[in-house]
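Dear colleague,

I am handing over the structure below, together with a short account of what was found in it. Please read the notes with the structure open beside them.

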Amino acid sequence: GTVSLGISQSIDNSEGGVSKTFFPQIMVAFGLGDSQLGLLNALGNAARMIFGPIWAVLADKFGRKVILFVVTGVWGLWTIATGFATSWPMLLTLYSIALIGTVASEPILNGLLGSLYRRSERGRAFGLVRATSAALGFILTPALGQFGGNPEGWRYAMFTMGILSLVSGVLILIFVYE
């Protein structure tokens, strides 16, 4: 379960970074300038500030596992949809919605670890989550980079991250016990 949470965190962190990594391709695809990159970066911070606490409250009310499944798993459909964007306004809208879900795992995960483990085990559990997240990120980043040579690679990166998000949600349902 703890490894599943680490996978979830890595997927959400990577999902939020796809627009930055592939912005040169997005810029060419939609004829954008540098200011739009700033907007995409700001959206992630705004989503974290506004929706992170909201997701945490909902997780306390409806159950952390269920909300994590929704925002980490099912919400990946928004990231997949982002890959189908045909215009800058459409990409901006879909990616903004996708970001609303990707910011949820961190506050929920921290609360969940506190509930799942005794005080003496929390450091090890948190370390395992961080190590799993970093290890998967170490693999995902160069793997996604393989799409860099394709002008439509940003779309494939969105599709990939959305699918991995769905898989992550299933892992949470199967292995995480609240």
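Which helices each supply at least two residues of the lining of the largest cavity? They are helix 1 and helix 7 (105–116), where helices are DSSP runs of H or I with at least four residues, numbered from the N terminus.

Before going further, please note that this is a predicted model, in which local features need pLDDT of at least 70 and side-chain atom pairs count only at pLDDT 80 or more, whereas totals for chains, interfaces and linings use all residues. Residues are numbered from 1 along each chain as its sequence is written, and side-chain values use heavy atoms, with hydrogens and water left out.

To return to the cavity, a search of the whole structure finds 1 cavity of 30 Å³ or more, and the largest cavity has a volume of about 40 Å³. (On a 1 Å grid over the protein atoms alone, a cavity is a set of points where a 1.4 Å probe fits but cannot get out, a pocket is an open set with protein on both sides within 12 Å along at least five of seven lines, and lining residues have an atom within 4 Å of a point; a volume is the space filled by probe spheres set on the points, which are joined across faces, edges and corners.) The lining of the largest cavity consists of Gln 9, Asp 12, Asn 13, Arg 48, Thr 102, Val 103, Ser 105 and Glu 106, and helix 1 gives the most to it, with 3 residues.

The largest pocket has a volume of about 200 Å³, and the elements that give two or more residues to its lining are helix 1 (2–21), helix 3 (34–62) and helix 6 (88–102). Of the 15 residues that line this pocket, Gly 16, Gly 17, Lys 20, Gly 44 and Arg 48 lie nearest its centre, and helix 1 gives the most to the lining, with 6 residues.

Arg 48 also forms a salt bridge with Glu 106, with the closest N and O atoms 4.0 Å apart (a salt bridge is a side-chain nitrogen of Lys or Arg within 4 Å of a carboxyl oxygen of Asp or Glu). Arg 48 lies in helix 3 and Glu 106 in helix 7, so the pair ties together parts that are 58 residues apart in sequence. Arg 48 is partly exposed, at a relative accessible area of 40%, and Glu 106 is partly exposed at 36%; here buried means under 20% relative accessible area, exposed over 50%, and partly exposed in between, with a 1.4 Å probe and protein chains only. The count comes to 4 salt bridges, and another of them joins Asp 60 and Arg 64, with the closest N and O atoms 3.3 Å apart; Asp 60 counts as exposed at 55%, whereas Arg 64 is buried at 17%.

Val 129, in helix 8 (residues 119–145), has a relative accessible area of 0%, and, not counting residues up to four places away in sequence, touches Thr 2, Leu 5, Gly 6, Gln 9, Leu 109 and Leu 113, contact meaning heavy atoms within 4.5 Å. Thr 72, in helix 4 (residues 64–74), is likewise buried, with a relative accessible area of 0%.

With best wishes
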